[in-house]
Amino acid sequence: MRQRPDRGRRGAGLGPFVAAAGVGAALVGVPLLALGVIAFGGEPAVLRHVWHYVLPQALRDTLLLLLGVALVTSVLGVGTAWIVTAYRFRGRGLVAPALMLPLAIPTYIVAYIYVEILDPLGPVQTLWRALWGFRSRADYSFIDIRSLPGAIVIMGLVLYPYLYLSARALFAVQSASLLEVGRTLGAGPLTLFRHVALPLARPAVALGLTLVLLETLNDIGASEYLGVRTLSVSIYTTWLNRGSLAGAAQIACAMLLVVLVILLIERRARGQRRFAASPKHPRPIAPLALEGWRGALALGLCLIPVFFGFVLPAGFLAQQAMTRLLAGRADLEMVGQLATTIALAGTATGLIIGLGVMIAAGARLLRGKAMAALARLAGLGYAIPGTVLAIGLLWPMAGLDNIIADLVRQIAGVSPGLLLTGSGFAIVLAYLARFLGIAIGGIESGFARISPRMDDAARALGRRPREVLSRIHLPLLRPSIVSAALLVFVDCCKELPATLLLRPLNLETLATRVYADASRGLFEEGALAALLIVLVGLVPVVIAARPQARDHVPPIDQDRALGPALPLAS
Amino acid sequence: MRKFSWRIAATIAGALAASSSVAWAAEVNVYTSREPALVKPVFEAFTAATGTRVNAVFVQNGLEERVKAEGANSPADVIVLVDVARLANAKAMGITQPFDSREIEAAVPTGLRDPDGHWTAVTLRSRVVYAAKDRVKQDAITYEDLADPRWKGRICIRSAQHPYNVSLIGAMIAHHGEEQTADWLTGLKANLARKPSGGDRDVAKDIVAGVCDIGLGNTYYVGLLRADQNAAQQAWGQGVKVLDSRFQGGGTHVNVSGAAIAKNAPNKAQAQKLIAFMLSDEAQRLMADANFEYPVRAGLPSTRTQAAFGPIAADPLALAEIARQRRPASELVDRVGIDN
């Protein structure tokens, strides 16, 4: 049987893979189920109110925000990805990784910073008044950063790296021969971009955009502060002001419909097209050298999002942190919070990557529909807003906690307390549920680059699935694993809603610390902690930016090259 | 990478297990939605005074749900919540128990605690009208005035769905009924200089910048701005004044931060002691001064807050009544569409 891998696939050694997928799917499925149960208990009056007065406006704001952010991130992400892939210019080596940096700063912090800089009393408008001799804000018109357009620009600046990463990964491997044909036929750079590169990049754009839109949909801090009343904001209002968790859960379910629509659109956009580029010998594009002003222009264009998405906000934080350090107001507690952040994020990342490898490998080795469905469910957590997921996890986890506690008390006579929510483990589980999708997607896209014929050959030679994985797949998967791990790690460090809700007594991470200050209206007090988050996030982003394995692009399976999440390293 | 994280995992798991199983002579666990920086000094003073260790966690949204979900084995002893509506909600959810202490009853006026003894206010915060020092002559105003057309295009507020505003609107409903409050909100909306956004500090800044002349905010934000060591922030704080704001025939709208004993508190005696301590002269001053709030303890001598903003003439409306109006107020905000 071993010689026939297509039959032997149900054979021995696959149990752990299925179990991993089961665990992953349960982690996402259980909170979703809990959410459904909560939503079911809603009063009709709440639902009527939401339907009449909340949803129309919340849907409109949400859709406008999504559209705007999609537009901004597309221009910034795809444009810069194209420039750094298709051209060689002075400074490219620096700017190409730097374009990922905005990933390291939490969105709501950037929103606070931009309001501080651009509001009527900020430096920009103060200078403007001084230049033109205005005395009051009433005397002139100026952009209002606390608005829907403001929110679109701010979120666009922070979220474009998702698109940049996926578009760049695709440009790098797929377009070479077609582009060269185009060039030979005399197409100019803009024509090439519009008629060859852009259509080619469509699947990658769809993928990156999905991540951007899910992040946008998830956001609560920035939207609320900037006065944009999205679905997420109305979930909060319904829950907290009207005391209706059930009503909130119902809006959350409506929001999940939006998510499903986004995911469906993404699948269609991705699935409809297949490309004729040779799957066996893809070559990286030979970049055109840009000299003189052209090179400077290319560099300048790429520096715009880096500056506004990272340098300016990080610089602001650094300046605020500096004044507080000089005033002697830094406390040693922050060292502990840094350690806690790294420990929680590190633990979660380890587990997520382990589980992600097992699930992606299971999907690969089993090639069955059930397994694929489990893997998809396990990866869905990323699409569920953090707060919703946290609330959904709270009840089952506390329930399990109580069962364990009561059981131990009956047996041993002493209660051990709540083991999951009483330790940091509940948070780790929440991270797992939320970010497993990133790992599965990244690793699946890595798998897609390994020809299935290798598996067949190995299996035909009598290797067990576990051996195929450890001896063949894992070494080849290394770059994808590393990049997925880094992205997961950064996201865990920034995670707020689940950490806030599920942490045990006395446990503080950098993110919760920053939030505590921000919620008093004193976000500058948290500047140092925020800066530490940025620095912790920066390390992996810089590591991920190393041009690892870029020279050896293994054969690629076009259809699966773009898994559900982004392939970070190309 | 994986091995490394496993090692970290084992280490924290061990550390956490160790820290949670160490039996302290006495300890008390606090779940708080009041920001840690504002309660920590009190907890430290309590530990210094009694030797009881205070374990705290800041949980903002969902604190009540968490205690409820944790059920019988919840470690929570004391629940500290900001906003009376949340305190009332905690009681309604059945996650609190009555304290039994004459000490508390003696210290706190009746209107500032639950009639059944499930919660008590520990600090008062007033919600008032800020005004531009240079452009607004008057020093007093009624909340009802905010709907007067003479303020057309001159008012700034943060989102009307923010709990601070919902509470004020709830009090308005308690005073004048829902219909009149709807008219008032409509008038207020017509007077807004800009769509509601930002926070109370942004309202103050917009007034200083000239976007609007008056706005709604909690008193303490002005105190905090003026006390900031950043000169620019001080200037913003100095650019606005706090008007003597009252309901017609009533007083200044106040909300509270308060405390309750959790239903399944494992250290009930300590919980009771901590709450009593929070109402002591020392703790009252600490908490009020930390954030320019007012003590709830009757007859406590002047604090930093009173020095800056004068004594408070709190609206006599019972807090529990304001809490009852939270949901109608929140729904009214949507119906009038004031945030749109």
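This is a predicted model: local features need pLDDT of at least 70, side-chain atom pairs count only at pLDDT 80 or more; totals for chains, interfaces and linings use all residues.
## Extent of the interface

Chain A contributes 67 residues to the contact, and chain B contributes 66 residues. The size of an interface is often expressed as the accessible area that is lost when the parts come together. Between chain A and chain B, about 5,800 Å² is buried, with carbon and sulfur atoms giving 53% of this area.

## Polar contacts and the chain A side

Across the interface of chain A and chain B, 31 residue pairs are in polar contact, both residues of each pair being at pLDDT 80 or more. Several helices of chain A each supply at least two residues of the side that touches chain B, among them helix 3 (44-86), helix 5 (107-118), helix 16 (386-412) and helix 22 (510-518). The largest share of this side, 10 residues, comes from helix 14 of chain A, which spans residues 333-366. By class, the side of chain A that touches chain B comprises 31 nonpolar, 20 polar and 16 charged residues.

## Salt bridges between the chains

Side chains of opposite charge can pair when their charged atoms come close. The count over all chains is 36 salt bridges, and the count between chain A and chain B is 11.

A:E43 forms a salt bridge with B:R327, with the closest N and O atoms 3.2 Å apart. This pair crosses between chains: A:E43 lies in the loop between helix 2 (15-40) and helix 3 of chain A, and B:R327 lies in helix 14 (residues 326-336) of chain B. A:E43 counts as partly exposed because its relative accessibility is 38%, and B:R327 is likewise partly exposed, at a relative accessible area of 25%.

A second pair joins two chains, because B:D206 belongs to helix 7 (residues 200-209) of chain B and A:R146 to the loop between helix 6 (123-132) and helix 7 (148-174) of chain A. The closest N and O atoms of the salt bridge between B:D206 and A:R146 are 2.9 Å apart. Both B:D206 and A:R146 are buried. These two residues also take part in a network of salt bridges that links them with A:D144, B:R194 and B:D202.

## A salt bridge within chain B

B:D244 forms a salt bridge with B:R246, and the closest N and O atoms of this pair are 3.0 Å apart. B:D244 is classed as partly exposed because its relative accessibility is 34%. B:R246 is also partly exposed, with a relative accessible area of 33%.

Note on methods
Residues are numbered from 1 along each chain as its sequence is written. Chains are lettered from A and ligands numbered from 1 in the order in which they are written. Side-chain values use heavy atoms; hydrogens and water are left out. Contact means heavy atoms within 4.5 Å. Buried area is the accessible area (1.4 Å probe) that two parts lose on being put together, summed over both. A salt bridge is a side-chain nitrogen of Lys or Arg within 4 Å of a carboxyl oxygen of Asp or Glu. A polar contact is a pair of N or O atoms within 3.5 Å; within protein, one must be able to donate a hydrogen and the other to accept it, and residues adjacent in sequence count only if both atoms are side-chain atoms. Helices (H or I, at least four residues) and strands (E, at least two) are DSSP runs, numbered from the N terminus. Ala, Val, Leu, Ile, Met, Phe, Trp, Tyr, Cys and Pro count as nonpolar, Asp, Glu, Lys and Arg as charged, and the others, Gly among them, as polar. Buried means under 20% relative accessible area, exposed over 50%, partly exposed in between (1.4 Å probe, protein chains only).
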